[in-house]
Amino acid sequence: YENAALENTTTYINGKINGHYKSYYQDGTIKSDGKYIENKKDSLWSFYRTNGGTEMQGTFKNNLREGHWTYFFEDGKKASEGDFADDKQNGTWKYWYKTGELWKQGVYANNIKNGLWTTFFENGQKLQEGNYINDKEEGEWQAWWQNGQLKDKGVFTKGIMTGLWQGFYSNSKANYIGEYKDGKKNGKWLY
């Protein structure tokens, strides 16, 4: 840096970065820490905020995210975690509220939502749940009130509301019932 502070430490072999690597912010606080093999990130890497707290941590292989990664809020609590394969999200990923409670979790296949996804209220009760296929809602989905009572249920086809949908008040009494066709209300609806 212009202020003569250390920017990074590394080793070169035949003009390529090889071995342990550390980078620093201008104030000397560590910015990143990991290993290179022939100019490509490889092994466990950690990235830090200017306040010294960990921002994210995970493994690279051949300069691509591979294996388990964890991301953190500024206060150090987990924000999200899951696995990568060839730099794409795969498998179950979990996301948290800043307060530390589980917010949502679901399955990715090559960066695309595929499988069951569940979203939660901060009190731990389910907020909504359903399946994705190719990043679009598919099949029956349900939503709940914060007290755990069913709020809505219905069907999606390729991300579009279809068929019978029902809604309920937080005391479980019927709110509405009706049919969707191509994502639009169709026919008689009861409220």
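Visitor: Is N18 buried or exposed?
Guide: Quick heads-up: this is a predicted model, where local features need pLDDT of at least 70, side-chain atom pairs count only at pLDDT 80 or more, and totals for chains, interfaces and linings use all residues. Residues are numbered from 1 along each chain as its sequence is written, and side-chain values use heavy atoms, with hydrogens and water left out. Buried means under 20% relative accessible area, exposed over 50%, and partly exposed in between (1.4 Å probe, protein chains only). N18 comes in at 14% relative accessibility, so N18 is buried.

Visitor: Which backbone nitrogen does the side chain of N18 reach?
Guide: N18 sits in the loop between β3 (16-17) and β4 (19-24); strands are DSSP runs of E, at least two residues, numbered from the N terminus. Leaving out residues up to four places away in sequence, N18 touches T11, Y12, I13, Y36, I37 and E38, contact being heavy atoms within 4.5 Å. At 2.8 Å, its side chain reaches the backbone nitrogen of E38.

Visitor: What is the bridge partner of F168 in β18?
Guide: Strands β17 (residues 160-168) and β18 (residues 174-181) pair antiparallel over six bridges; pairing takes at least two DSSP bridges. They form a hairpin with five residues between them, and S172 in the turn has a positive phi of about 75°. Over in β18, the partner of F168 is A174.

Key. Helices (H or I, at least four residues) and strands (E, at least two) are DSSP runs, numbered from the N terminus. A polar contact is a pair of N or O atoms within 3.5 Å; within protein, one must be able to donate a hydrogen and the other to accept it, and residues adjacent in sequence count only if both atoms are side-chain atoms.
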